Amino acid sequence: MTAAKLEKPSLEHKKSYIEALREFQEEGRYTFLDIHDVENNFEDFIEKVNNGKKHLHKPYADWVEPVPETVLWLVKDNEFIGTLNIRHRLNWHLEKWGGHLNFIVRPSMRGKGFGKKLLQKAMPYISSLGIDRALITLDPADKSANKIVQFCGAKLEDTLPATDKFPARNRYWLDCT
Ligand SMILES: CC(C)(COP(=O)(O)OP(=O)(O)OC[C@H]1O[C@@H](n2cnc3c(N)ncnc32)[C@H](O)[C@@H]1OP(=O)(O)O)[C@@H](O)C(=O)NCCC(=O)NCCS
């Protein structure tokens, strides 16, 4: 048994990542990725994720400026557990709905404390990118995600109501200094 750690996405975790991607897609996430394409061209996929990746604001990619993004994977016992996305800066869309951070745990691994671990381990990486205060925006109804950010010390700034285009969001600031 090894401790969970955050690391750069790598070829080593192909099998568990593909299995996790299947689970994510079953719940309607990452449907913009063609799983067969990712599996057959995994080396290219990893290279793109690690090199100069931009946050594409799917499904708003056509009208929101992309920003640079760092992607890290939470790995335990050599298996992919979850993903952390750190956007290096905010734009008008991230300021309200997207935030600096996105974190996600593989569905079959949820409820085991990995979400909490992931955000705790994220702090030094966020601050190493020069982000002292990270904005996190969450669905107010998502109990586990709200619990995690509050546990990590994030402070609620406000709650944006849903609009015809965007969902309601709790906006938190997390001190990463
Ligand atoms: C949010 C998410 C990352 C949580 O991951 P996780 O590994 O299940 O989280 P944890 O196991 O660390 O649980 C965190 C807390 O939420 C609690 N929790 C879990 N499910 C819950 C539920 N349905 N209702 C209330 N609390 C819940 C846990 O008990 C735990 O609290 P505790 O430590 O006080 O017991 C995961 O559900 C996920 O990937 N969701 C989809 C993506 C997402 O919404 N990301 C967040 C926005 S960026």
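Where is the place of Asp34?

1. In this predicted model, Asp34 sits in the loop between helix H1 (14–26) and helix H2 (35–40), and at 45% relative accessibility it counts as partly exposed. A polar atom of the Asp34 side chain lies 3.0 Å from the backbone nitrogen of His36, while Leu21, 13 residues away from Asp34 in sequence, is 9.9 Å away in space, C-alpha to C-alpha.

2. The whole structure contains 10 salt bridges, one of which joins the side chains of Glu19 and Lys15 at 3.0 Å, N to O.

3. Glu27 forms a salt bridge with Arg110, with the closest N and O atoms 2.8 Å apart. Because Glu27 lies in the loop between H1 and H2 and Arg110 in the loop between S5 and helix H5 (114–128), the pair ties together parts that are 83 residues apart in sequence.

4. A salt bridge also connects Arg87 with Glu69, the closest N and O atoms being 3.5 Å apart; since Arg87 lies in strand S4 and Glu69 in strand S3 (residues 67–76), parts 18 residues apart in sequence are tied together. Arg87 is buried at 7% relative accessibility, and Glu69 is buried at 6%.

5. Strand S4 (residues 79–87) runs antiparallel to S5 and is joined to it by five bridges, with Thr83 standing opposite Ile104 in S5. Four of the five residues of S5 (residues 101–105) are buried, so this strand is largely enclosed by the rest of the structure.

Note on methods:
Residues are numbered from 1 along each chain as its sequence is written. This is a predicted model: local features need pLDDT of at least 70, side-chain atom pairs count only at pLDDT 80 or more; totals for chains, interfaces and linings use all residues. Side-chain values use heavy atoms; hydrogens and water are left out. Buried means under 20% relative accessible area, exposed over 50%, partly exposed in between (1.4 Å probe, protein chains only). Helices (H or I, at least four residues) and strands (E, at least two) are DSSP runs, numbered from the N terminus. Two strands pair if DSSP finds at least two bridges between them. A polar contact is a pair of N or O atoms within 3.5 Å; within protein, one must be able to donate a hydrogen and the other to accept it, and residues adjacent in sequence count only if both atoms are side-chain atoms. A salt bridge is a side-chain nitrogen of Lys or Arg within 4 Å of a carboxyl oxygen of Asp or Glu.
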